[in-house]
Amino acid sequence: PSSVEVYLQKHEVTATGGDVPAPFMTFEDTGFPPEILREIHVAGFTSPTPIQAQTWPIALQNRDIVAIAKTGSGKTLGYLIPAFVHLKRRRNNPQNGPTVLVLAPTRELATQIQDEALKFGRASRVSCTCLYGGAPKVHQLKELERGADIVVATPGRLNDILEMKRIDFRQVSLLVLDEADRMLDMGFEPQIRKIVNEIPPQRQTLMYTATWPKEVRKIAGDLLRNPVQVNIGNVDQ
Ligand code: ADP
Ligand code: MG
């Protein structure tokens, strides 16, 4: 067997959806810009995690992905680093609204994602702001007005701000649904659908989930276009 086959088997990686590119088994394989590789080096990481290795080359082809992998497998950088590359390709002005939108279930998770985006996007000069419930809107709206390449938001608060017409989605071309299963468990499906309805259809959508129940399959079927499905380990189908 080839080194790719050995890698996929060893890490229990399966990918379906046609013409799946080989995983990036090392950081050298990624061809990421030096300013991104520098931050990875500073963090002391030695190799991509399996979910990163298999989803990165697919994401760089601008394809939709459903990624199913357990907690702690490195999913956040799995989408943030392709998001940095996406931003570099688009070169939009963040004053005109975000280019990348990340939906996450809780305030805690959203702020963790923002921290990771600011840390690994520092040398790439990525701006990122966070919108979540349980805190006054005033400060969040002020930050949003300053402009951000990436907005990380919980669905309830983002939907409120959308209804107030205080966010412009016209530049959004990369949508990430993180912990999709948890967002649905928390009852956010109506807000997610309202939000996604306002995003231009010519977008890339990446969905991350730890489990794959029928509710998640249904929303994936509705929101993603010819996704490649990547599993790490045997998450029950
Ligand atoms: P998940 O979202 O799958 O639960 P996280 O994205 O939160 O996982 O990552 C878990 C931890 O692994 C974080 O502390 C993160 O910084 C770290 N991590 C991410 N990628 C790598 C890597 N390639 N090598 C080592 N550690 C990594
Ligand atoms: Mg996560």
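Predicted model: local features only at pLDDT ≥ 70, side-chain atom pairs only at ≥ 80, totals over all residues.
## Chat: a first look at the chain

Trainee: Which annotation covers residues 25-53?

Mentor: The UniProt record, an unreviewed entry, marks them as "short sequence motif: Q motif".

Trainee: Okay, zooming out. How many helices and strands are in the chain?

Mentor: The chain has 11 helices and 8 strands.

Trainee: And what radius of gyration does the chain have?

Mentor: It is 17 Å. A compact globule of 237 residues would have one near 18 Å, so the chain agrees with that. The C-alpha atoms fill a box of roughly 55 × 40 × 30 Å along the principal axes.

Trainee: How much of the chain is buried?

Mentor: Buried residues make up 53% of the 237. The accessible surface comes to about 11,400 Å². Carbon and sulfur atoms account for 49% of that surface.

Trainee: What about contacts between residues at least 6 apart in sequence?

Mentor: Of those, 73% join residues at least 24 apart.

Trainee: New topic. How many aromatic pairs are there?

Mentor: The structure holds 4. One of them is Phe27 with Trp56. Their ring centres are 6.2 Å apart and the planes sit at 45°, so this pair is tilted.

Trainee: Where do those two residues lie?

Mentor: Phe27 is in helix H2, residues 27-30, and Trp56 is in helix H4, residues 50-60. The pair therefore ties together parts that are 29 residues apart in sequence.

Trainee: Are they buried or exposed?

Mentor: Phe27 is buried at 8% relative accessible area. Trp56 is buried too, at 1%.

Trainee: Which pair does Trp56 form with Phe32?

Mentor: An edge-to-face one, because the planes are at 80°, and over 60 counts as edge-to-face. The ring centres are 5.0 Å apart. Phe32 lies in the loop between H2 and helix H3 (34-43), 24 residues from Trp56. Phe32 is buried as well. Phe27, Phe32 and Trp56 form one aromatic cluster.

Trainee: Switching to H5. What span should it have?

Mentor: H5 has 16 residues, 75-90, so at 1.5 Å a residue it should span 22 Å. Its end C-alpha atoms are 23 Å apart, which agrees.

Trainee: Is H5 mostly covered or mostly open?

Mentor: Mostly covered, with 12 of its 16 residues buried. Among them are Leu77, Tyr79, Phe84 and His86.

Trainee: What comes just after H5?

Mentor: Arg91, which takes a positive phi of about 50°.

Methods: Residues numbered from 1 in each chain as written. Chains lettered and ligands numbered in written order. Heavy atoms only, no water. UniProt positions renumbered as here; feature names shortened; annotations may be inferred. Helix = DSSP H or I, 4+ residues; strand = E, 2+ residues; numbered from the N terminus. Expected span 1.5 Å × (residues − 1). Buried < 20%, exposed > 50% of the residue type's maximum accessible area, 1.4 Å probe, protein only. Phe/Tyr/Trp six-rings, centres within 6.5 Å; stacked < 30°, edge-to-face > 60°. Rg over C-alpha atoms; globule rule 2.2 N^0.38 Å. Contact = heavy atoms within 4.5 Å. Areas by Shrake-Rupley, 256 points an atom, 1.4 Å probe, with all protein chains shown as cover.
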